[in-house]
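Hi everyone, thanks for coming.

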Amino acid sequence: MSPPRSSSRKYRTYRADFAQRREHGDDKSSKSGGGGGLGPDGVPRGRQLGKKRGRGFLTLFQRFVGMLRGHRGALGLAVATLSISTLVDLVPPLVSKIAIDNVINESPFGDGLLGRLAGWLPWVDEPKKLLMFLFLAVVAINVGSILMRVWGRWQATRISHRVRVEMRRRVYNHAIRLPLHRVYSLKSGGASSIIREDAGGVGELVFSMMYNPAGAIIQLVGVFLILAVTEWRLLLGALILLPVVFLTHRMWIGRIRPLWRDIRATRAHIDSRVTESFGGVRVVRTFGRERTEGTNFATDTHFMTRQELLGWWWNRAIDIIWRMLIPVALAGVLCYAGARIIDDRAAVLAGTLAPHQALTVGDLFMFLWYLASLLQPLALLASSAAGLQTSLAGLDRVLDLMEEPLESPTKPGAEALDPMQTHGRVEMSGVTFTYPKAPAAALSDISFTAEPGQVVALVGPSGAGKTTLCNLIARFYDPDTGAVSLDGLDLRTVKVDSYRAMLAIVEQDIFLFDGTVADNISYGRRGATQEQIADAAQLANADEFIETLPRGYGTWIGERGVKLSGGQRQRLAISRALLAHPRILILDEATSNLDTESERLIQSSLRNLMADRTSFVIAHRLSTITHADQILVMDKGRIIERGRHDELIARSGRYRQMVQVQTHPPEPEPDDDDDKDAMSDEPVAGAAKS
């Protein structure tokens, strides 16, 4: 089915898909990486219908607590100060009741709780001084509470930012070590969205899952206890509110988290499309597709806006319920307590009720205050749960990514290579490899040996498996069967970092970083001196154009080296490989973008470089590999011929055919006019002979 062309049609399709997933119990719409984004029907890709969500709230809570290792003590102290300040905030309503009933109205304290408190109060017989004391006490309590709350919140904020930075670092370090096919499926924009939005949002869970709920729960427990002591009937009325919280959570929050997972997946898709469009801006402009790309961006953005507005309405539904509930509850307390005050006053006048047992205006004021204090954390828990689901959706996507296996994981007991003891003998024995989800093997039964210092050339048509073979040599992948060995050691028993430190790759599609010329040349060798950088550039014939740049080696070259020509970028990449002093060198058409004169100079430099290094050269121009010690001719993932140039030419096989095609291209067929001339000549010749 073709994707819907308008955001409204895409949104309607999404709503139907979302409802179907809800009906089948699949509320986890998309995995964190390549599974995210929009499917062919224009909606976020979902898991198979009927598959239950893998992680519930308790699982996510436990995983998040595990991420707080190293911060738990500081967070516990912050929650402790919050708890103390929250309990202290429950004192002013009681002080206000004393001021209204016992000071202003001069009612007796009685023999209960207030009577015991009266023994601690000064100036009980002097109302004005006692009123001033109560005022100062409330001010001191509020100031102390504010200071403790601010200090605790500062600690929680600092922890939140540290967790955010740490999670972004962990996700980045994990994502950059994923298998290449997985990294390609993520795309740069999608990976950036996960690192920036999802991993960054995990830090917000410090507040939405830990700090704010702790304060709300402490406040709830405190108010319930006070109501239980002062007026148990109000406590029963307050308990009725708890099922409302549960129902709103079940009705609304269960839908909000999967919706925000979809929104984050859509945002990742948009980011990747934007990154892709700007990365291929030359192609976009060449084919006049600016308006199309702009339309696609606007459609996806409008679609995401519709999703966000849907989430906004669901969030507001919770807020509306509580905004209606709070005034209704306060009005109910006012009616109940007001009627009790009127009845108790009549009973006191009739002598059937003791004055200290009657409900007073101070009691009403205190109850209203405590009820507001009770409803506030309930409303906070209900409304913040929506934001909590957003952060949990991000955590869920982060955990999806973090649980994906890394590329070529290092086995326990793997050893690090010593560059001084490494000779560079590379051997493949019975190697077969298939890319994930590929229908056929990319390599089948590959076996060869490259002795130290040899140059091995790989030739064959596109798709023959040349790059895949080099990817296995670089250990970007491990073979399905067989082994790739270095000096007799299976690469799977070697630490990847120590092996890659002795490897350099120069590809046809050059990637340079947005930095200076010197930064890019020295990228593969930390601490390289300016003299070493200049020597490498000279060997690669790059120094002549570098010296013409405005700031020489300090010139900024722009993203991907956009300020340089293709040949200049190629020479910088070769300089980078030269400076790394690798034991193993992989060249993938490394001189393809150079002019004839530069290619001649660099070929001489490369021969000097490869003299003591094991080199693998992927070449399409066969004239550049006649000096190779071993040429492997590949086709459909197999080695069909091998040998030196002269040997292969003598065999009259596939290699010789390839050389003949390049050195003696077929003559063009004659056009129609030539055919006519040739035909007209034949009878003339025949006539002459006769």
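First, a term: a crossing is left-handed if the near helix is turned anticlockwise from the far one by less than a right angle, and right-handed if clockwise. Helices here are DSSP runs of H or I with at least four residues, numbered from the N terminus. This is a predicted model, where local features need pLDDT of at least 70, side-chain atom pairs count only at pLDDT 80 or more, and totals for chains, interfaces and linings use all residues. Residues are numbered from 1 along each chain as its sequence is written, and side-chain values use heavy atoms, with hydrogens and water left out.

Now to our first pair. α18 passes α20 in a right-handed crossing. Helix α18 covers residues 530–539 and helix α20 residues 566–580; they pack at about 125°, their axes 8 Å apart (axes are lines fitted to C-alpha atoms, for helices over the stretch in contact, and angles run from 0 to 180 degrees between N-to-C directions). So α18 is oblique to α20, the word for angles that are not under 35 degrees (roughly parallel), over 145 (roughly antiparallel) or 65 to 115 (roughly perpendicular). Contact means heavy atoms within 4.5 Å, and here α18 brings Gln532, Ile533, Ala536, Ala537 and Leu539 to Ser575, Leu578 and Leu579 of α20.

And the second pair? Helix α3 (residues 72–88) packs against α9 at about 30°, with axes 8 Å apart. That makes α3 roughly parallel to α9, and their crossing is right-handed. Among the contact residues are Leu75 and Leu82 of α3, and Met210 and Ile218 of α9.

How values were computed
Helix = DSSP H or I, 4+ residues; strand = E, 2+ residues; numbered from the N terminus.
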